[in-house]
Amino acid sequence: TDTAIFAYGSDGSATAVSNLVSNTGVVATDVTGVGTARADAGACSYGEDKGIFAYGESGGNLNMSNLVSNTGVVGTDVSGVGSARYGVAACEYGYDKGIFAFGEGSLFSQVNLVSNTGVVASDTDTSATDKGHAAGCSFN
């Protein structure tokens with residue numbers, strides 16, 4: 001796809017504001033948020049043309065996700081997606097799937113796979129070192 005979205009974050013307190021990005025890199029004005037305001041969430045694409053935000057913190061660690069349509073519309077909260085945590089890393093893999101990994105709340109080494117329909121799987125333990133605030137990207 002050739003467009004993007006920024007959402008959530010903190011401006012002194014957690015927000016639920018989003019901003020679309022055009023295919024020329026222009027960041028649009030604020031769009032009033034959908035879902036729970038939070039900071040320190042992770043995000044990735046899935047399904048080749050959609051996105052997902054998950055986890056974060058807002059007065060406590062969260063285990064929720066919000067799907068993003070192929071037109072940039074952020075969906076309502078989906079709760080109960082693995083262990084509540086913040087500072088997660090995320091990236092897409094396999095062209096149409098995503099993965100959330102690691103995080104803080106305590107340090108985590110769990111991963112949560114995202115299907116090509118945006119379903120977040122339950123926690124899977126890894127042998128990787130527990131860490132928070134990692135970064136991820138896909139490569140070919």
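A pocket, in the sense used here, is an open set of grid points where a 1.4 Å probe fits, with protein on both sides within 12 Å along at least five of seven lines. With that in mind, and remembering that this is a predicted model, turn to the largest pocket, which holds about 430 Å³ of space.

Select T3, A4, I5, G51 and V68, which lie nearest the centre of the largest pocket among the 22 residues that line it. Next colour β1 (4-10), β2 (14-21), β3 (42-46) and β4 (50-54), each of which supplies at least two residues of that lining. By class, the lining of the largest pocket comprises 11 nonpolar, 8 polar and 3 charged residues.

Move on to the second largest pocket, with a volume of about 250 Å³, where E92, Y93, G94, Y95 and S138 are the closest to the centre of the 13 lining residues. Strand β7 (residues 89-93) gives the most to this lining, with 3 residues, and the lining as a whole divides into 5 nonpolar, 5 polar and 3 charged residues.

Now show the aromatic side chains, which form 2 aromatic pairs in the structure.

Finish with two charges over rings: the charged end of R85 sits over F108, 5.7 Å from the ring centre, while K131 lies over the face of F102, at 4.5 Å from the ring centre.

How values were computed:
Residues numbered from 1 in each chain as written. Predicted model: local features only at pLDDT ≥ 70, side-chain atom pairs only at ≥ 80, totals over all residues. Heavy atoms only, no water. 1 Å grid on protein atoms, 1.4 Å probe; cavity = no way out; pocket = protein on both sides within 12 Å on 5 of 7 lines; lining within 4 Å. Points joined across faces, edges and corners; volume = space filled by probe spheres on them. Helix = DSSP H or I, 4+ residues; strand = E, 2+ residues; numbered from the N terminus. Nonpolar A, V, L, I, M, F, W, Y, C, P; charged D, E, K, R; others polar. Phe/Tyr/Trp six-rings, centres within 6.5 Å; stacked < 30°, edge-to-face > 60°. Lys NZ or Arg CZ within 6 Å of the ring centre and 35° of its normal.
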